[in-house]
Amino acid sequence: MPAMLPESDSEDELPPAWEERATSDGFVYYVNHQSKSTQWTHPRTGKMKRVSGELPIGWTRQIEEDTRKVIFVEEKTQRKSYTDPRLAFAVEEAPERLSELRQRFDGGTNALQVLHGRDLNGKVALITGANTGIGYETARSLALHGCEIIFACRDEQATRAAIEKLRVEKEAAGQRCKFVPLDLASLRSTKQAAEEVKKGYKHIDMLILNAGVFALPHSITEDGFERTFQVNHLAHHYLTTLLSELFDHTTRIVVVSSESHRMATLPAGGLSETDLCPPQHKFWSMIAYNNSKLCNVLFAMELAK
């Protein structure tokens, strides 16, 4: 009969006197210091876990001189730990039943953690708005894991500064980045960007439609469309269509939307251009943003079919 374990708010929390460790090749095991025994399964969940064989970027494994124990050092801060940093990214073995699936990541997970252990060498990603914010962190994380990045951005100076910042962090990662001018407020610029990409690449592994604007006053682009609608949705749709010959069944297209799509006011039927590009006297910037984000969601759903 299995021993009763103390109650806990988290089924992943180890009972007292237990410790989680990992072998050099990535198998997680559990040490019971009370009984001086080890086992492969988690003492609460009964599940097995694996971690990547590689340490996270910026960490090294060393032997402490005084104790001869294994110690892990974060190179940037010189922080030392006896705890294997790979354990933060341990993944349960594939469950036998769908009901046993559990969420791996949450709102506190950063991009480097999601990609930990991935080898993206030889992959190509195009990211719009990659020079700042979510776009930059996505580009940075992909590049640090070996991916070649196309920075499709409007501001060349800011983009080259972002690429240089990445190059300073890791030379090889910065060298894998390329700037392609893209102004989503211009369909002409969007077409030119697509043509430049098609000249230099035969295949796109990831297309990440990240760029966007928020809370802009009413204005009309050179193409005759309301700016928020064109930048956030229409030009991205156009770019995707123009690049479609570079996609295959392995290509992943990510459309960055927002929870605010739930507050959109677009009609369920009889959608018109006026709904998408309202005149100034009917324009409210927040509603324009919400509607453009709903367009993002609907676009992604169509792509997924």
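Is Tyr-289 buried or exposed? Tyr-289 turns out to be buried, at a relative accessible area of 15%; here buried means under 20% relative accessible area, exposed over 50%, and partly exposed in between, worked out with a 1.4 Å probe on protein chains only. The structure is a predicted model, where local features need pLDDT of at least 70 and side-chain atom pairs count only at pLDDT 80 or more, while totals for chains, interfaces and linings use all residues. Residues are numbered from 1 along each chain as its sequence is written, and side-chain values use heavy atoms, with hydrogens and water left out.

Tyr-289 also has an aromatic partner. Together with Phe-214 it makes an edge-to-face pair, at 4.8 Å centre to centre and with 90° between the planes. For such pairs, rings of Phe, Tyr and Trp (its six-membered ring) must have centres within 6.5 Å; planes under 30 degrees apart count as stacked, over 60 as edge-to-face and the rest as tilted. Phe-214 sits in the loop between β12 (206–209) and α6 (227–242), and Tyr-289 in helix α8 (residues 285–304), so the pair ties together parts that are 75 residues apart in sequence. Helices (H or I, at least four residues) and strands (E, at least two) are DSSP runs, numbered from the N terminus. Phe-214 is partly exposed, at 48% relative accessibility.

Across the whole structure, the search turns up 3 aromatic pairs. In one of them, Tyr-29 and Trp-40 have ring centres 6.0 Å apart and planes at 75°, so this pair is edge-to-face. Tyr-29 belongs to strand β2 (residues 28–32) and Trp-40 to the loop between β3 (37–39) and β4 (49–50), so parts 11 residues apart in sequence are tied together. Trp-40 is partly exposed, with 45% relative accessible area.

A charge sits over a ring if NZ of Lys or CZ of Arg is within 6 Å of the ring centre and within 35 degrees of the ring normal. Elsewhere, the charged end of Lys-69 is placed over the ring of Tyr-82, 5.7 Å from its centre.

Strand β2 brings the story to a sheet. This open sheet has 3 strands in the order β1-β2-β3, paired antiparallel; strands pair if DSSP finds at least two bridges between them. At the edges stand β1 (18–22) and β3, each with a single partner strand, so one side of each is left without a neighbour in the sheet. Between β1 and β2 the antiparallel pairing runs over 5 bridges, and Ala-22 stands opposite Val-28 in β2.
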